[in-house]
Structures are given as C-alpha cells and as structure tokens.
Amino acid sequence: MLELGGFTPLTTTDWPGKLAAVAFVQGCPWRCRYCHNPELQPRGVHNGPQWAEVLATLQRRVGLLDGLVFSGGEPTVEPELAQAVDEVRALGLGVGLHTAGIYPERLAALLPALDWVGFDLKTDAAGYDALTTRQDSAAPVRRALHHLLASGVDHEIRTTYHPQIVGDEALLAMARELKAIGATTWVLQPWQPFDDASRPLQESWHPPEPALLERLRAEMPALALR
Ligand code: SF4
C-alpha cells in the first residue's frame, strides 16, 4: 500500500501556477546535509494519512484543484506510485512530481503520465556524494535529467542555494552542464533555516552575490531566483 508521511490539501507554491494538493510519500534513501524533512526519510513508519482517504478528499475537490503533486521524501521510492498516479488522473486531475532523480528508470516509466516535474538538482557531479552522504549518487541523477528533458514534460529544474554546501564553482559547473544538455529552466531557491537552531548551517546563509548571478546568467540566461 502507498505509504504517505503527510498530505497538504491546498498549495499555490508546490506546482508553480497551479492550485494543487501535495501528497508526501514516506521514504528516501539519501541523507542530505540540509534535509528539512528527515522524518520522511525512513520507510515502514506508517503513521501518515491513508491513500484511500487522500483519494476521497481529492474526489471532493475535483473542479477546485488543478492537480496533485507527489512529493517526499523521494516519491519514486514507492513501488505503487504509478498506480496512484493513474488513480489521480482517473479523477480528471493533473499530476505533478517532485523528485531528486534518484531512480532514473522509474522516473522514465512515470513520465508519460505526468503533467509537470519539479526536479531537484542538488549540486555539480563532483559534490553530490558529500551533499547526499551516499556513494555514487550523481550518475543516476544525470540519467534522470536526460529522461526528463527527452520526454518533453513540463518541468522546473531547481537547486537549493547554500554557499557552505553548494559553492560558487559548483553553481558555475552546474550552469555549464545545464547549458550543455539544453536545459531551459533553472531556479535557485533559498535554503530555509532549520527551526532547530542547534543544527549546523544556521547562521551562514546569504543570498547569491550579484557578481555570481551575472556569471551564472552568462551560462544560463533562464536562471531565476525564488
Ligand atoms: S533527497 Fe530530499 S528528502 Fe531525501 S534526504 Fe535529500 S533533501 Fe531529504
């Protein structure tokens, strides 16, 4: 059964330009240094909403919502995600997906049924394992990004900016990589401070410097800030 860790009945920010609900799939194999949802990382917790209840809520909101976003955690960790996508589509709602591209072949199989993807590109290839704290984490993401761009599915590639974790040179390498593969979207989103002040990284965030933005936009003119 689809394992959820949470459900948000209405958001205007998780699928840009759409009124959406968000289902947070429980589970993620990575342990990113800046993860804001560590409670969503383990599988087998089973303390979230039931999928049947979420579907019933969505059914009552047909005509009010544009669609549902599957977020996480990493939603492609869920073996029953494809079936859940079909069930949402059967209601006449659109389906969006937030993914970090951890399982590229699963993403490729899902793409024909998706209306939009928010793709979390974390850093340049050289910095991936240090950020995710998992070995060989960069290569699958690059394959997933290839599948996404080849699919033609509407999407947004976004990167969480924290200068201690994703430095200037990493951003410049990403800009060059995105340009080389023909990406047309890239959003830098601010790292959000943790509620818990005892966690590291709390004090050191600052917005990207104008000079850095200029260099990034020279490579990727589509770069936007959130
Ligand atoms: S991929 Fe996302 S959910 Fe998983 S550990 Fe990293 S930030 Fe957290």
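Predicted model: local features only at pLDDT ≥ 70, side-chain atom pairs only at ≥ 80, totals over all residues.
Trainee: Where is His-46 found, and what is its phi?
Mentor: His-46 sits in the loop between β2 and α1. Its phi is near 55 degrees, a positive value in a residue other than glycine. Asp-136 also has a phi near 55 degrees, and it too is a residue other than glycine. Asp-136 belongs to the loop between α4 (128–132) and α5 (138–151). With 9 C-beta neighbours inside 10 Å, Asp-136 counts as exposed.

Trainee: Which residues are joined by a cis peptide bond?
Mentor: The bond between Gly-72 and Gly-73 is cis, with omega at about 15 degrees. Gly-73 lies in the loop between β3 and α2. Both Gly-72 and Gly-73 are among the residues that surround the ligand.

Trainee: Now a helix. Which residues of α1 are buried?
Mentor: Here the cut-off is 20 or more other C-beta atoms within 10 Å. In α1, residues 51–60, the buried ones are Trp-51, Val-54 and Leu-58. Looking down the helix axis, the buried residues of α1 fall within an arc of 60 degrees, so they line one face of the helix. The face turned away from that buried side carries the exposed residues Ala-52, Glu-53, Ala-56 and Arg-60.

Trainee: Which residues touch the most other members of the largest nonpolar core?
Mentor: That core has 55 residues, and the ones touching the most other members are Leu-4, Ala-23, Val-25, Leu-68, Phe-70 and Leu-178. Take Leu-178 as a case. Once its neighbours within four places in sequence are left aside, Leu-178 is in contact with Ile-157, Ala-183, Trp-186 and Met-220. Over the whole chain, buried residues make up 38% of the 226 residues.

Trainee: How far apart are Glu-105 and Ala-144 in sequence and in space?
Mentor: They are 39 residues apart in sequence, while their C-alpha atoms are 7.3 Å apart. Glu-105 lies in helix α3, residues 104–110. It has 12 C-beta neighbours inside 10 Å and so counts as exposed. For the chain, 73% of the contacts with a separation of 6 or more are between residues 24 or more positions apart.

Trainee: What is the radius of gyration of the protein chain?
Mentor: Compare the chain with a compact globule of equal length. For 226 residues such a globule would have a radius of gyration near 17 Å, and the protein chain has 17 Å, which agrees. Along the principal axes, the C-alpha trace spans about 50 × 40 × 30 Å.

Conventions. Residues numbered from 1 in each chain as written. Near = placed C-beta within 6 Å. Helix = DSSP H or I, 4+ residues; strand = E, 2+ residues; numbered from the N terminus. Arc of directions from axis to C-beta. Rg over C-alpha atoms; globule rule 2.2 N^0.38 Å. Contact = placed C-beta atoms within 7 Å. Core = buried A, V, L, I, M, F, W, Y, C linked by C-beta atoms within 7 Å.
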